[in-house]
Amino acid sequence: MQTSSWAEFEAAEAEFAEAVRKRFAQYKHHVLATLRADGSPRVTGLEVDIRSGELWLGMMPNSRKALDLRRDPRFAVHANPGPDAGMTSGDVRVSGRAVEVTDAEALARYADNVHPPQSFHLFRAELAEIVHTGVDNDELVMRVWRPGASLRTIRRGNGAEPPLEGTQRLGPNASVTATR
């Protein structure tokens, strides 16, 4: 799995990265998915912090999610969809690998900026995929970014027709002309 930092994502797709950042900033709590020891999924709440060119996942010491990530670093985090079914800002999911930060100086620098509880686990996200899903008129529009690839846009209608796909760079509310 190819991964990148948040800074590399921003450098590759600045407008898309800003839309994703804004979506996470709308609400404080989001949903993290990890893998339990038996391989089944675990979902739990957490806060996402984007700073210093990285996406950070912080959690309480020895929490189940931290222990999951120590054993198997694969994760997905889903931005809080909001209080109702409107989802005017769309839906955002990020997946990748979580790398635990154990360097005392790095943890202290982070704590000086964020002021987390006294003891905490900190993981730096290595991004493998970012997906923004929204609605444009009667179409579902998915924008998908992966390291080393162009931003893809997939438009799907309500009928049986196959989805349309393009690789154009888009602003957060732009539409795309694509081919089947």
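These questions and answers go through a predicted model of one chain.

Me: How many helices and strands does the chain have?
Reply: Read along the sequence, the elements follow the pattern α-α-β-β-β-α-β-β-α-β-β-β-β. In total, the chain has 4 helices and 9 strands.

Me: What is the radius of gyration of the chain, and what value would a compact globule have?
Reply: Along the principal axes, the C-alpha atoms fill a box of roughly 50 × 35 × 30 Å. A compact globule with 180 residues would have a radius of gyration near 16 Å, and the value for the chain agrees with this: 17 Å.

Me: Which residues of helix 2 are buried, and why do they line one face?
Reply: An α-helix has 3.6 residues a turn, so residues three or four places apart point the same way. The buried residues of helix 2 are Phe-16, Ala-17, Ala-19, Val-20, Arg-23 and Phe-24. Seen down the axis of helix 2, these buried residues line one face because they fall within an arc of 160°.

Me: Which exposed residues does helix 2 carry on the face turned away from its buried side?
Reply: Helix 2 covers residues 14-25 and reaches 16 Å from its first C-alpha to its last, close to the expected 16 Å. Exposed means over 50% relative accessible area. On the face turned away from the buried side, the residues that qualify are Ala-14, Glu-15, Lys-22 and Ala-25.

Me: Which strands do the buried residues of helix 3 pack against?
Reply: In helix 3 (residues 64-71), the buried residues are Lys-65, Ala-66, Asp-68 and Leu-69. Their arc around the axis is only 160°, which puts them on the same side of helix 3. They pack against strand 1, strand 2, strand 3, strand 4, strand 5 and strand 6.

Me: Which residues does Ala-111 touch, not counting those up to four places away in sequence?
Reply: Ala-111 lies in helix 4 (residues 104-114). From Ala-111 to Leu-122 is 11 residues in sequence and 9.8 Å in space, C-alpha to C-alpha. Beyond four places in sequence, Ala-111 touches Pro-116 and Phe-120.

Conventions: Residues are numbered from 1 along each chain as its sequence is written. This is a predicted model: local features need pLDDT of at least 70, side-chain atom pairs count only at pLDDT 80 or more; totals for chains, interfaces and linings use all residues. Side-chain values use heavy atoms; hydrogens and water are left out. Helices (H or I, at least four residues) and strands (E, at least two) are DSSP runs, numbered from the N terminus. The expected span of a helix is 1.5 Å times one less than its number of residues. Buried means under 20% relative accessible area, exposed over 50%, partly exposed in between (1.4 Å probe, protein chains only). The arc is that of the directions from the helix axis to the C-beta atoms. Contact means heavy atoms within 4.5 Å. The radius of gyration is taken over C-alpha atoms; the globule rule is 2.2 Å times the number of residues to the power 0.38.
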